[in-house]
Protein chains: 2
Amino acid sequence: MKQTYFTPGPAELYPTLYQHLQTAMDEQIGSISHRSQKFRDIYKFTDQQLRTLLTIPDTHGIFFTGSASEVWERVLFNCVEHESFHLVNGSFSRKFYDYANSLHKFAHLHEKPFGEGFDYADVEVPEYAELICLTHNETSSGVQMRTADIHKLKRKYSKKLVVVDMVSSAPYPDLDFSLIDSAFFSVQKAFGMPAGLGVWIANQACLEKAERLQKYENLTVGAHNTLPTLWSHYKTFETPATPNVLFIYLLGKIAEDFNKIGIDTIRKQTEEKARMLYKFLDASEAYSPFVKQDRHRSQTVVVATTQKPSADVISGVKQAGMVVGTGYGKFKESQIRIANFPAVSIEQVDTLINQLQK
Amino acid sequence: MKQTYFTPGPAELYPTLYQHLQTAMDEQIGSISHRSQKFRDIYKFTDQQLRTLLTIPDTHGIFFTGSASEVWERVLFNCVEHESFHLVNGSFSRKFYDYANSLHKFAHLHEKPFGEGFDYADVEVPEYAELICLTHNETSSGVQMRTADIHKLKRKYSKKLVVVDMVSSAPYPDLDFSLIDSAFFSVQKAFGMPAGLGVWIANQACLEKAERLQKYENLTVGAHNTLPTLWSHYKTFETPATPNVLFIYLLGKIAEDFNKIGIDTIRKQTEEKARMLYKFLDASEAYSPFVKQDRHRSQTVVVATTQKPSADVISGVKQAGMVVGTGYGKFKESQIRIANFPAVSIEQVDTLINQLQK
């Protein structure tokens, strides 16, 4: 029996994915050269659809990597000479910080407990930090940072670069790319695709920084998927190395489907489904929402503390044909995580709630 | 009309790929968690199939990256403190060398002209080179290095690490992994899959080197897909970050299909098809094999100089339902490249030869 995946990534595939995959196979997309006009047309199409969906201006390029985790490394290599600054409140924002340490950058840490969120007023960025690393949606704890707060931070520290990890929320957050220098996501979350492709959005300021580090500071910005090489190939819609052509094609098609629905509608549907889930959890005696502050509650990954061991809840739900995620790390046995991505409908969320109620 | 792709990567998909992809969709492989037992079973299966196919001993781990180009960077980061040594005779072996320079390693270069190959007796490795970087099959020029020569080199320089780029030849070369420390390939060549997955084989000696660089030399070995993190997760058949689960599944299934045929048969079929192609080129007045020395002629990527502009040849072949590659770089207009991977049969090679003859 087919299950409905409410897991926070990999997640339920978007319903149209199967048809697009069939078309791709019929058109032999898996065999075409990444130096052909056909590939350049695919890259251009996906670029345009993402640009429309996320309102990305011409100042920003859109690049492809093997995963979003790879982008953690790439953006730190290319945009930090000495110091980065990290807001950390969960396992994934911490990994971003850990990557900076692994690259021997001086990484400043502003930490909050698991389950708590950041507001603009909390944050003081050290004077010499070059890159502010924010996580819009902390997948491990279900905490979200409001985009208004992200924008205020950039306005206050306008000379610093700001990068936003929106791995498990894009295309939901309405980031203002006239302010935000860089952002990235992976396709196995809200885009409803199999894992294997990262998407990196970066502007001219990021590129100039990378070029300066290479030329004048004699610093390595890495060798593979450096921003200067990605950008120079991007000018003709090519990539430095052979990319995941098939997934770039599929991403363009899914983004086109999203654009047909309209990003406003997708955001409203996301909020409506999140409202249903949190309303249920607030009223339930068997569950409670893990994130206490309403303004920090993720709209795309809803985390609930369970009265019963989470394994019992998960197996009950599974027998009804649905899969929800375990809690993360030490919360594995006391929490569940419910992904609220566009691939699951209001009706499916309703079915899940009814099952959780039993 | 469906074309038969004789391009050297991306290339013709292996005939069973479609069925495996359908099964993967039916089993919802695109949605399963990379922290689930189901994923660990998939990784273990693919690992076992590749181990059987390539005779990889327990001393070596098998890891997954976004691409083989990424492995160029990873192996240099993890296995070189100061100096690497590179045999360069084409565009891809040169990129490997360029990556070393980008990472600020001192990269020694032993170069031969495009189209020429290396023999054991040619090669003197500098005293302080830590890693010998060899390209078994130079995709740009169709030159191959004999595995016997690769093995002799390792025996002579037994204290140095040897890594073999077998991107466009694996599983053809019968590398002796009791000697060879590391090798890597991508799946869109001879494994007949879409691009989007790199496979990195590395032994304990490579791991120890990476750990030494990290701990005692205070050197960064990168942050993403470092050998120590890949290896520690590999112990339980997991990966540090979300990998391309679907392609790991497909690779295991294709490797299983290869094992059913038997690697000896696959190698003999490869040699038989290569023999047909070179015999035709040698006898033809319209074409000539680019690589003059028989012992350096690639068995998996056959490069021919064309009398007519290559574009005319390519378009003639295309009208007959087949796609061959252009020459690489400055040979784009005067050469064609014909991939000889397991996905194309003896009959299909025969059809191509008949068409080229017209």
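Are B:Tyr14 and B:Phe258 buried or exposed? Both are buried. The notes below take up this pair and other features of what is a predicted model.

1. Ring pair within chain B. The ring centres of B:Tyr14 and B:Phe258 lie 5.0 Å apart with the planes at 85 degrees; planes over 60 degrees apart count as edge-to-face, so this pair is edge-to-face. B:Tyr14 is in the loop between strand S1 (4-6) and helix H1 (17-26) of chain B, while B:Phe258 is in helix H8 (residues 245-261) of chain B, so the pair ties together parts 244 residues apart in sequence.

2. Ring pair between chains. Over all chains the count is 41 aromatic pairs. One of them joins A:Phe77 and B:Phe77, which are stacked, with 5.9 Å from centre to centre and 5 degrees between the planes. This pair crosses between chains: A:Phe77 belongs to helix H3 (residues 68-79) of chain A, and B:Phe77 to helix H3 (residues 68-79) of chain B. A:Phe77 and B:Phe77 are both buried.

3. Aromatic cluster in chain A. Ring pairs connect A:Phe39, A:Tyr43, A:Phe63, A:Phe64, A:Trp200, A:Trp231, A:Tyr234 and A:Phe237 into a cluster.

4. Lysine over a ring. In chain A, A:Lys253 sits over the face of A:Phe45, 5.1 Å from the ring centre. In chain B, B:Lys253 sits over the face of B:Phe45, also at 5.1 Å from the ring centre.

5. Extent of the interface. Chain B contributes 51 residues to the contact and chain A contributes 51 residues. Between them the two chains bury about 3800 Å², of which 56% is on carbon and sulfur atoms. On the chain B side, B:Met25, B:Gln28 and B:Ser31 account for 15% of the area that chain B buries against chain A, more than any other three residues.

6. Polar features of the interface. Two salt bridges are found across the interface of chain B and chain A. The side chains of B:Arg74 and A:Glu73 form a salt bridge, with 3.0 Å from N to O. Between chain B and chain A there are 16 residue pairs in polar contact, with both residues at pLDDT 80 or more. As for secondary structure, H1, H3, helix H4 (91-102) and H8 of chain B each supply at least two residues of the side that touches chain A. H3(B) gives the most to that side, with five residues.

7. Cis peptide bonds. In chain A, the peptide bond from A:Ala170 to A:Pro171 is cis, with omega near 10 degrees. A:Pro171 lies in the loop between strand S8 (161-165) and strand S9 (182-186) of chain A. Chain B has a cis peptide bond between B:Ala170 and B:Pro171, where omega is about 10 degrees. B:Pro171 is in the loop between strand S8 (161-165) and strand S9 (182-186) of chain B.

8. Positive phi at A:Gln28. This residue, which is not a glycine, has a positive phi near 55 degrees. A:Gln28 is placed in the loop between helix H1 (17-26) and helix H2 (37-54) of chain A. Its relative accessibility is 7%; the limit for buried is under 20%, so A:Gln28 counts as buried.

9. Positive phi at A:His104. Here too a residue other than glycine has a positive phi, near 65 degrees. A:His104 is located in the loop between helix H4 (91-102) and strand S4 (106-111) of chain A. A:His104 counts as partly exposed because its relative accessibility is 41%.

How values were computed. Residues are numbered from 1 along each chain as its sequence is written. Chains are lettered from A and ligands numbered from 1 in the order in which they are written. This is a predicted model: local features need pLDDT of at least 70, side-chain atom pairs count only at pLDDT 80 or more; totals for chains, interfaces and linings use all residues. Side-chain values use heavy atoms; hydrogens and water are left out. Rings of Phe, Tyr and Trp (its six-membered ring) pair if their centres lie within 6.5 Å; planes under 30 degrees apart count as stacked, over 60 as edge-to-face and the rest as tilted. Helices (H or I, at least four residues) and strands (E, at least two) are DSSP runs, numbered from the N terminus. Buried means under 20% relative accessible area, exposed over 50%, partly exposed in between (1.4 Å probe, protein chains only). A charge sits over a ring if NZ of Lys or CZ of Arg is within 6 Å of the ring centre and within 35 degrees of the ring normal. Contact means heavy atoms within 4.5 Å. Buried area is the accessible area (1.4 Å probe) that two parts lose on being put together, summed over both. A salt bridge is a side-chain nitrogen of Lys or Arg within 4 Å of a carboxyl oxygen of Asp or Glu. A polar contact is a pair of N or O atoms within 3.5 Å; within protein, one must be able to donate a hydrogen and the other to accept it, and residues adjacent in sequence count only if both atoms are side-chain atoms.
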